[in-house]
Amino acid sequence: MNDKTATKPGHQPAKRVNIVSVKMVRESSLLYPQRRIRMAKDAVGLFQKFLEETDREQFFLLCLSTKNEPVAIHTVSVGSLDASIVHPREVFKAAVLANAASVIVAHNHPSGDPTPSREDIEVTRRLQEAGELLGIPVLDHIVVGMEGSFCSLKEKGYM
């Protein structure tokens, strides 16, 4: 197509389409001696390294293999003092790239009180629905407080 054809009445100029590749980039790593996640307490040990000392709400994703072994941790969102924006698209983007068989999500409450809010429960429900569609189940949503306190939405019966 030349420039004259693109400007004739009834013809739109050509649209450039990008050719892309998608890659996951490892930023760092850490050793996890337990190897497998069997219960919420096991996952909390990993998440606390990221969530306990922060002054803002942060939302993390833990990607698991078919044997419930952690394969990747991803920071989904860094929010404000009491809120963090979480959308299923952003949560599952990293899970798909990591070939996760399942995931556990977690976020902190900088107030130190790990009691889940109404919004926490709603986000969990939306993530569960998205995970079912994608074939990547959400095994738990953990709210991390201060000094080792946490709340597992699964253990509390919200999932």
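**Exposure and salt bridges**

Reader: Why is Lys93 called partly exposed?

Author: Lys93 has 46% relative accessibility. Buried means under 20% relative accessible area, exposed over 50%, and partly exposed in between (1.4 Å probe, protein chains only). Therefore Lys93 counts as partly exposed. The model is predicted: local features need pLDDT of at least 70 and side-chain atom pairs pLDDT 80 or more, while totals for chains, interfaces and linings use all residues. Residues are numbered from 1 along each chain as its sequence is written, and side-chain values use heavy atoms, leaving out hydrogens and water.

Reader: What makes the pair Lys93 and Glu90 a salt bridge?

Author: The term requires a side-chain nitrogen of Lys or Arg within 4 Å of a carboxyl oxygen of Asp or Glu. For Lys93 and Glu90 the N to O distance is 3.2 Å, so the pair qualifies. Arg89 joins Glu90 and Lys93 in a network of salt bridges.

Reader: Why are Lys93 and Glu90 separated by about one helical turn?

Author: Because they are three residues apart in helix H3, residues 88-97. Helices (H or I, at least four residues) and strands (E, at least two) are DSSP runs, numbered from the N terminus.

Reader: How do you know that Glu69 forms a salt bridge with Arg35?

Author: Their closest N and O atoms are 3.7 Å apart, so the pair meets the rule. Glu69 lies in the loop between strand E1 (58-64) and strand E2 (70-78), and Arg35 in the loop between H1 and H2, so the pair ties together parts 34 residues apart in sequence.

Reader: Is Arg35 buried or exposed?

Author: Its relative accessible area is 54%, so Arg35 is exposed.
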